[in-house]
Amino acid sequence: MFTCALVAAFWLLMVAPIDQIHGSPSGAPTAACESMTPGHGYDAQSNSSPFNTEIPAGMIAFMDDPVHLELRASSGTYFKGFLIMAFDKDDNSATPRPIGTFKLIEGSDGQLMNCGSGTMNAVTHTNNVGKNLVRVDWQPPKYYMGTAIFRTTYVQDVSTYWVKTESITVTFVMPDGSTHDPMMTMRADKMRFLL
C-alpha cells in the first residue's frame, strides 16, 4: 500500500507541469499578461490582500510626469512574486490594454516585460525571495490626460496569491491644473486655420 502511494506521488511529480508545482521563481511568463493569473493550479484568494500598490505622491500628476510606485507588504508579511501593469481607468473592455512604460529602480527586485503589443509595459519579479517592498517608476503615454490605475498580482507562495489588486487612481492634468486634451486643442486650432 505504501509503495503504491509512493509510486503514485512520484508519477504525479513527473507528469505535472513544473510551474504548477513550484510556480515561476524567475518571473511571470508572458502567458500571464492577459489574465494576470499565475498558472499554479490553485484558485486566487478572495479575501483582502495584505499587499498594496502605493503612490506616495498622491492622486494627481502633471501630464508626462513619471509616477513612483511602491509595492508594499503589511507588517510581518512578504510576497515572493508579483506582476504589475497600468491601465486607463475608463477602459472597460473585456481585455483592457496596458498603457505606459515602466522603469526599474536600482536596488529593487524586478524585470521589465512586454505584454501584448506594448514594450516595457509590465514588471515582474526576478527571484522567489520574500519581499516587503519593491519600487518602480511608470511613465504615462505621451500627452496622456486620463486617469490611470495600477493592477498588481501578488504571490505569497505557490498556492496563495491575489490577482489584480488595485491601487488608488492617478489623474493627469496640465501644469495649470486643467484636464483638457492638448492634442484636441492643437487639432481644433489647425482646423480653424484651414477654414
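**Close-up views of a predicted model**

**View 1. The largest pocket and its lining.** By class, nine nonpolar, eight polar and four charged residues line the largest pocket. Asp, Glu, Lys and Arg count as charged; Ala, Val, Leu, Ile, Met, Phe, Trp, Tyr, Cys and Pro as nonpolar; the others, Gly among them, as polar. The pocket holds about 350 Å³ of space. Of its 21 lining residues, Phe87, Pro96, Arg97, Pro98 and Cys115 are the closest to its centre. A pocket is an open set of points on a 1 Å grid where a 1.4 Å probe fits, with protein on both sides within 12 Å along at least five of seven lines; lining residues have an atom within 4 Å of a point. The model is predicted: local features need pLDDT of at least 70, side-chain atom pairs 80 or more, while lining totals use all residues. Side-chain values use heavy atoms, without hydrogens and water, and numbering starts from 1 along each chain.

View 2. The structure holds eight aromatic pairs (ring centres within 6.5 Å). Phe79 and Phe82 pair edge-to-face (planes over 60 degrees apart), because their centres are 6.2 Å apart and their planes at 90 degrees. Ring pairs join Phe51, Phe79, Phe82, Tyr154 and Trp162 into a cluster.

**View 3. Lys142 over Tyr143.** Lys142 lies over the ring face of Tyr143, 5.5 Å from the ring centre (cut-offs: NZ within 6 Å of the centre and within 35 degrees of the ring normal).

**View 4. The setting of His40.** His40 is buried, at 6% relative accessible area. A polar atom of the His40 side chain lies 2.8 Å from the backbone oxygen of Val158.

Key:
Phe/Tyr/Trp six-rings, centres within 6.5 Å; stacked < 30°, edge-to-face > 60°. Points joined across faces, edges and corners; volume = space filled by probe spheres on them. Buried < 20%, exposed > 50% of the residue type's maximum accessible area, 1.4 Å probe, protein only. Polar contact = N/O pair within 3.5 Å; in protein donor to acceptor, adjacent residues only side chain to side chain.
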